[in-house]
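Dear colleague,

I am passing on the structure below, together with some notes on what turned up when I went through it. Please keep it open beside the text as you read.

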Amino acid sequence: MILTKTQANKFQELRNQILDLFEEIENNKPNDVNTIESVTDYACKIFKVKAKDLKSPSRKAEFKNARAFVFYFCKIELNMTYNEIGDYFNRDHASIIYWVRKFENDLSHFQELNLNYENFRFELL
């Protein structure tokens, strides 16, 4: 198949737009997703909370939800230990175990939560 000059130009323009889009996606991702700090920062941005709030003992829903995303992501995707996650968030390992298991159970029961987590995961990885 031979392209006309007009078709070739349109193809090149479309290719450049796609490359620009991929670059924009890459630029909006955290620089290093291999740290609990970067995952926490991203969760704070998404949930519109502060890192100090996630580390606080507060039981407000918005903090609990953001924490659950971070706890689960760090355990499953970063293979962190419960103690490592707990140390960062000033919680004991039993609390982290509870929240990771609860979040995993909720993922299997609530499709919207599952979609939200997959979007969260996709943006980080």
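The largest pocket in this predicted model has a volume of about 190 Å³, and the residues that line this pocket are Pro57, Ser58, Arg59, Lys64, Arg67, Ala68, Phe71, Arg91, Ser95 and Trp99. Sorted by class, that lining holds 4 nonpolar, 2 polar and 4 charged residues. Helices H4 and H6 each contribute at least two residues to the lining, with H4 giving the largest share, 4 residues.

Helix H6 also deserves a description of its own. It runs over residues 93-109, and because its 17 residues should span 24 Å at 1.5 Å a residue, the 25 Å between its end C-alpha atoms agrees with that expectation. Within H6, the residues Ile96, Ile97, Val100, Phe103, Asp106 and Leu107 are buried, and the cover over these buried residues includes helix H4 (61-76), helix H5 (82-89) and helix H7 (111-124). As background, an α-helix has 3.6 residues a turn, so residues three or four places apart point the same way.

Cys44 counts as buried because its relative accessibility is 9%, and Cys74 counts as buried at 0%.

With best wishes

Conventions:
Residues numbered from 1 in each chain as written. Predicted model: local features only at pLDDT ≥ 70, side-chain atom pairs only at ≥ 80, totals over all residues. Heavy atoms only, no water. Expected span 1.5 Å × (residues − 1). Buried < 20%, exposed > 50% of the residue type's maximum accessible area, 1.4 Å probe, protein only. Contact = heavy atoms within 4.5 Å. 1 Å grid on protein atoms, 1.4 Å probe; cavity = no way out; pocket = protein on both sides within 12 Å on 5 of 7 lines; lining within 4 Å. Points joined across faces, edges and corners; volume = space filled by probe spheres on them. Nonpolar A, V, L, I, M, F, W, Y, C, P; charged D, E, K, R; others polar.
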